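Please look over the sequence and the 3D structure shown below, and then read the report that follows, which moves from the contact between the chains to the elements within them.

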Amino acid sequence: MSNRKLSAFIDALVSGRRPAKFAASPNDAEALRIAITLRAARPDDDAGPDEQFISNLYRELAGQQASRAAADVRLFKPRRAYVALGAVAAGLVLVAGTATVTDAINKPAVTASAVPVPGGQVMSTATFETVDHRVLGQIVAYNSHPSWVFMDVDVANYQGRIFCMLQAHNGSTLAMGAFDLHGGVGEFSKALHVDIGGLKGAELVSPTGSIVGSATFA
Amino acid sequence: MFRARQQARPPDRQQAVSSGGDASHLRLVSADVYTDWESVYRDNVERLYRLMYARVGNRPDAEDLTAEVFRTALGPLRLASSKGEVRSYLLVTARTVLASHWRRQLGRPVTSIDPSADLGYLAEPSGPDGPSDAPYRTAPILAALPDRYRRVLELRFLEACSIKEVATSMNISVSNAKVLQHRALHMAAKVAQELGR
């Protein structure tokens, strides 16, 4: 007889909790079908999804899509010059950042600015930061045909795969790809057929969908 | 027994132009299409959640199942499919996900999704006033019950009363309230069968 378990299932249903498993009889199933229909007819907030749920699931799916994209596309093998240029540019950002922080000791406001780049091409740079403003690394986007993006990150206590999502000014998100951090450190570069000027920033996302850091292009 | 797990074929093509030559390789892309997975997600997540909630009656399970549908469906989904094709595909996936849920949870199906009959959940319009057939389905069932059975179900399921509150409200003992609820549910199930709901 499963009356006690049936009652427990119904109690959970009425109070909005997740009901426990049990082996239901056909009669139980009939009663539960009615109970669920009645519960769903109650006018309450649970009938609509929670905003937090929607955004968390979005992030998880974005990570999943990025992982698939990384597996599907041919890995971009950046020419040495690009990597070197990216590394130099990232270094310039670090230097500029250091200078800005140094200046900030004497100045009340900090203004982010793009670093001038060799060749006069359009290059955007940004700093990856955690929500509590710890610096995780740099990203450099170079506008050309194709455009390319380079990033250099150092995330304490992180090991394994991390995903990069690029955010456009129009609100859309582009899965750039995934790369591995070893001892928290890693570099990644990729050619993209996009207008870098349309990019607003980037996010580093863990495989579970949580945001590790974000960057906004200056 | 459960229906065999259905392999939903994702929508992967639009109507082809058939005038021959190179044109046969062109595809008609309607304005009513999804162009990226994000628009598929944003346009359907709330609708799909509401459908799942109507089928499981609690938020935690509805959220888990909604997430499982998107995790399963988005991978093989080809973009530039019409909204109707994508929604049908999501519903077929949702049917499979829900069937698996009940198999794990209770060992038998309790509620199900019919991709044809439930298409209204994913169709326009969406939002807080989105379609729900629950009140339509429950009103005739409750109306057909004896007063005390109807009252115990209304208090429990529509007014969210605990079994103690039901007992107090109906001036009966807690154990009587449990028995009354149990009998009322089984009678309501029979009424629903008779009414074909």
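The contact between the two chains takes 42 residues from chain A and 47 residues from chain B, where two residues are in contact if their C-beta atoms, placed from the backbone, lie within 7 Å. On the side of chain A that touches chain B, helix 1 (3-15), helix 2 (26-40) and helix 3 (51-72) of chain A each supply at least two residues; helices (H or I, at least four residues) and strands (E, at least two) are DSSP runs, numbered from the N terminus. Helix 2 of chain A gives the most to that side, with 13 residues. By residue class, the side of chain A that touches chain B divides into 23 nonpolar, ten polar and nine charged residues, with Ala, Val, Leu, Ile, Met, Phe, Trp, Tyr, Cys and Pro counted as nonpolar, Asp, Glu, Lys and Arg as charged, and the others, Gly among them, as polar.

This is a predicted model, in which local features need pLDDT of at least 70 and side-chain atom pairs count only at pLDDT 80 or more, while totals for chains, interfaces and linings use all residues. Residues are numbered from 1 along each chain as its sequence is written, and chains are lettered from A and ligands numbered from 1 in the order in which they are written.

How far can chain A be trusted, and what is its mean pLDDT? The mean pLDDT of chain A is 74, and 72% of its residues reach 70 or more, pLDDT being the predictor's confidence in each residue, from 0 to 100. Within chain A, confidence is lowest in helix 4 (residues 80-106), at a mean of 45, and highest in helix 2, at 92. Over residues 74-78 of chain A the pLDDT is below 50, and this stretch has six contacts in the model beyond near neighbours in sequence. The pLDDT also stays under 50 over residues 90-121 of chain A, for which the model has 28 contacts beyond four places in sequence. Where pLDDT is low, the predicted coordinates should not be read in detail.

The overall make-up of the two chains can be set out in a table, in which a residue is buried if 20 or more other C-beta atoms lie within 10 Å of its own, exposed if 12 or fewer, and partly exposed in between, with C-beta atoms placed from the backbone.

| Chain | Elements | Buried residues |
|---|---|---|
| Chain A | four helices and eight strands | 37% of 218 residues |
| Chain B | eight helices and zero strands | 36% of 197 residues |

Read along the sequence, chain A follows the pattern α-α-α-α-β-β-β-β-β-β-β-β. Of the contacts in chain A with a separation of 6 or more, 59% are between residues 24 or more positions apart, and the corresponding share in chain B is 61%.

Among the strands of chain A, strand 3 (residues 147-154) is largely enclosed by the rest of the structure, because seven of its eight residues are buried. Strand 2 (residues 135-142) of chain A pairs with strand 3 in the antiparallel sense over six bridges, two strands being paired if DSSP finds at least two bridges between them. A hairpin joins strand 2 to strand 3 of chain A through four residues, and A:Gln138 stands opposite A:Asp152 in strand 3. Strand 3 of chain A also runs antiparallel to strand 6 (residues 185-192) of chain A, with eight bridges joining them, and the bridge partner of A:Ser147 in strand 6 is A:Leu192.

The largest nonpolar core has 99 residues, of which A:Ala35 and A:Met165 touch the most other members; such a core is a set of buried Ala, Val, Leu, Ile, Met, Phe, Trp, Tyr and Cys residues joined through C-beta atoms within 7 Å. Helix 1 (residues 37-56) of chain B gives the most to this core, with eleven residues. Leaving aside its neighbours within four places in sequence, A:Ala35 is in contact with A:Ile10, A:Leu13, B:Phe157 and B:Leu185.

B:Leu185 is one of the buried residues in helix 8 of chain B, which also include B:Ala177, B:Lys178 and B:Gln181. At 1.5 Å a residue, the 22 residues of helix 8 (residues 174-195) of chain B should span 32 Å, and its end C-alpha atoms are 31 Å apart, which agrees; the expected span is 1.5 Å times one less than the number of residues. Just after helix 8 of chain B, B:Gly196 takes a positive phi of about 70 degrees.
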